[in-house]
Amino acid sequence: MTHRTIRVMVPPPAPAETARMLTETRDYDALVRDFRWRIPARYNIGTDVCTRWAEADPDRVAIIWQRADGGVEPITFGRLEEESNRLANVLAARGVRRGDRVAIILAQGPAAAVAHIAIYKMGAIAVPLAALFGPDALAFRLTNSGARALLTNAEGVAKLAEIRDGLGELSVVLSVDGRADGVDDLGAALAAASPRFAAADTTADDPAMMIYTSGTTGPPKGALHG
């Protein structure tokens, strides 16, 4: 089994006046009584974790990626911003719209990060799925979520080939490992897309990610997160 390691370089925290959730106090009862979540009216994960850092310092390293060949590659916020914008444009050009579910079957690495950021920027819903799932497990989750698009690799494409006929809503499949029958080459699509994208104006409660439960007490259930 090939192992890939990524180290995420965490950006500095937001200013104290916006980052602090708890007021410094020795009175616990008062702390509980007076606590309020500070939830912004408008919020988009993609712009918060990527765009604002890319605009401030595009050369700042966001991820240090140890590739399968042992090489180490720094991934900057500027690169994440451009590639996620390109991917958002690729998906939009193929009919993916705000609120659509986009499944992700990718190993941990820059491509997975780009996928999440792009989906959030669009106001679509990311559906991360484990690479270890077999065809039946994938079929259930892709059908149950109503996934419109799938971002995957050659291994995911091979599993998809066994179940594709039963996935009526899945109309877009892009692979990091190139073109196949009914599958577009993600790299070529990104190269042809614009590096600029206007992120959706989303609220903090708009759906952003659906994560499936294990299914130990019945069929897996999609837990929707804002």
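User: Which are the buried residues of helix H6, and what covers them?

Analyst: In this predicted model, helix H6, which spans residues 135-145, has Leu138, Ala139, Arg141, Leu142 and Ser145 as its buried residues. What covers them includes strand E4 (101-104), strand E5 (125-128), helix H7 (154-161) and strand E9 (209-212). Just after H6, Gly146 takes a positive phi of about 70°.

User: What makes Arg141 count as lying over the face of Phe133?

Analyst: The distance of Arg141 from the ring centre of Phe133 is 4.1 Å, and the rule asks for a charge within 6 Å of the centre and within 35 degrees of the ring normal; Arg141 is accordingly listed as lying over that face.

User: How many aromatic pairs are there, and why is the pair of Phe35 and Trp37 called edge-to-face?

Analyst: The count comes to 2 aromatic pairs. The ring centres of Phe35 and Trp37 are 5.1 Å apart and their planes stand at 80°; because pairing requires centres within 6.5 Å and edge-to-face requires planes over 60 degrees apart, the pair is edge-to-face.

User: What makes the pair of Trp53 and Phe77 tilted?

Analyst: Their centres are 6.3 Å apart with 35° between the planes, and because stacked needs under 30 degrees and edge-to-face over 60, the remaining class is tilted. The pair links distant parts of the chain, with Trp53 in helix H3 and Phe77 in helix H4, 24 residues apart, and both Trp53 and Phe77 are buried.

How values were computed: Residues are numbered from 1 along each chain as its sequence is written. This is a predicted model: local features need pLDDT of at least 70, side-chain atom pairs count only at pLDDT 80 or more; totals for chains, interfaces and linings use all residues. Side-chain values use heavy atoms; hydrogens and water are left out. Buried means under 20% relative accessible area, exposed over 50%, partly exposed in between (1.4 Å probe, protein chains only). Helices (H or I, at least four residues) and strands (E, at least two) are DSSP runs, numbered from the N terminus. Contact means heavy atoms within 4.5 Å. Rings of Phe, Tyr and Trp (its six-membered ring) pair if their centres lie within 6.5 Å; planes under 30 degrees apart count as stacked, over 60 as edge-to-face and the rest as tilted.
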